[in-house]
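Dear colleague,

I am passing on the structure we talked about, together with some notes on its aromatic pairs and on one helix contact. Please have it open while you read.

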Amino acid sequence: HPPPVATDKEEQKRRLENRPDQPQNPRVLRIAIIGAPNAGKSTLSNQLLGRKVFPVSKKVHTTRCKAQGVITHEDTQLIILDTPGLTNPLKAKRHNLEEAMLTDPWDSMKHADLVLVLVDVSDHWTRNSLSKEVLKCLSQFPHIPSVLVLNKVDILKKKFLLLEIVADLTEGIVNGKKLEVKSALKQDSSSSAKSPLQITQASPPESKVPGSPYGQEKNQAQEGFGLDKSSDVGGAGTGEAQGPKHCGPEDLKDRNGWPHFQEIFMLAALRGEEVDTLKRYLLMQAKPGPWEFHSNVLTNQSPQEICDNIIREKVLEYLPLEVPYGVTQVTEIWEEGECGELLIVKSLLVPRESHKRMLIGRGGKVISRIAREAGQDLMNAFLCDVRLKLKVEVK
């Protein structure tokens with residue numbers, strides 16, 4: 001079971017400063033998760049960690065800064081760099097975002113050993129091409145191995161569309177091999193039956209990863225997924241097989257996909273489907289190296305940061321349009337109660353009286369729902385009883 005986060009700031013600080021209790025032959029992997037805003041990066045990070053420590057909401061830019069999550073399993077430590085969605089200066093200005101939101105994803109890439117590119121396949125506007133920001137990120141760091149993760153496949157009714165999406169996002173090449181799509185059944189647009197397509201492989205894979213899409217036998221195809229990873233591209237010393245090169249902005253202008261992904265995973269992060277498969281793959285990719293954290297650390301965030309983020313998530317969830325972006329939090333009480341529970345009292349400051357009415361809701365319904373749900377999430381993060389009281393004031 002993943003360790004809980006300490007409820008006391010000093011205790012959390014001590015844990016972060018503790019020398020790692022690493023085994024004799026430690027292994028480590030730093031993973032940057034990048035993608036467009038709202039692709040599900042924080043949801044996936046929480047599922048991989050096994051506890052909710054990153055805020056999640058349907059509104060864009062819920063994650064405002066880069067935070068780290070730590071998974072310690074036997075001799076291996078995975079460090080997840082949960083980054084803000086890749087955005088551009090124009091959008092950042094419109095949403096009143098901090099400068100850090102533009103630089104953090106790039107900083108995370110500099111420290112990563114592997115990058116997961118998350119794409120929301122339920123969004124039919126964006127699913128067939130990687131955003132220019134993502135392509136720019138990949139082309140700036142072509143030496144870092146990258147893996148394509150298609151998220152929210154459970155929402156996609158027409159599973160055969162996954163083949164088209166994969167072909168577009170990979171430019172038909174994965175791990176230096178050309179993809180050939182073979183359908184096992186007649187394409188029936190209304191069918192959402194399991195495994196309507198098969199995976200066949202003309203050449204044996206270099207390494208059979210348990211649970212990886214290409215390591216499975218062809219009759220155990222991932223849901224709705226069938227690719228024939230056949231001919232090598234280029235061969236030694238020619239074409240794509242040499243590996244990715246640094247591309248300039250001009251080279252990216254007409255590109256929609258990235259032909260250098262090593263693997264493809266399909267999952268539903270919200271429901272936790274296939275997340276374990278991805279986790280096993282990540283554990284196997286770890287390389288010998290010293291751990292960065294003690295095994296009782298789950299995240300590098302302070303308890304107060306986790307609390308602020310989770311309350312902000314709920315405010316984003318239940319208030320319309322731009323209203324939640326103007327809410328400021330002030331912690332008034334953070335202490336242990338008589339029965340060992342954590343008592344938190346916070347003031348939520350809003351700029352207008354009308355915002356205050358919205359946040360409180362008719363009969364106090366909205367604010368009490370926020371307090372109840374945030375309290376529940378905090379219990380899960382801290383593994384103790386939490387009493388959360390929220391007050392709303394006009395600043």
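At 4% relative accessibility, Phe-382 counts as buried (under 20% relative accessible area, with exposed meaning over 50% and partly exposed in between, for a 1.4 Å probe and protein chains only). Please note that this is a predicted model, in which local features need pLDDT of at least 70 and side-chain atom pairs count only at pLDDT 80 or more, while totals for chains, interfaces and linings use all residues. Residues are numbered from 1 along each chain as its sequence is written, and side-chain values use heavy atoms, leaving out hydrogens and water.

The search of the whole structure gave 2 aromatic pairs, where rings of Phe, Tyr and Trp (its six-membered ring) pair if their centres lie within 6.5 Å, and planes under 30 degrees apart count as stacked, over 60 as edge-to-face and the rest as tilted. One of them is tilted and joins Phe-265 to Tyr-281, at 5.0 Å centre to centre with 55° between the planes. Because Phe-265 lies in strand E9 (residues 261-266) and Tyr-281 in helix H8 (residues 275-285), this pair ties together parts that are 16 residues apart in sequence; helices (H or I, at least four residues) and strands (E, at least two) are DSSP runs, numbered from the N terminus. Phe-265 is buried, at 2% relative accessibility, and Tyr-281 is likewise buried at 2%.

Trp-334 and Phe-382 form an edge-to-face pair, 6.3 Å centre to centre and with 80° between the planes. Here Trp-334 belongs to strand E11 (residues 328-336) and Phe-382 to helix H11 (residues 365-382), 48 residues apart.

Best wishes
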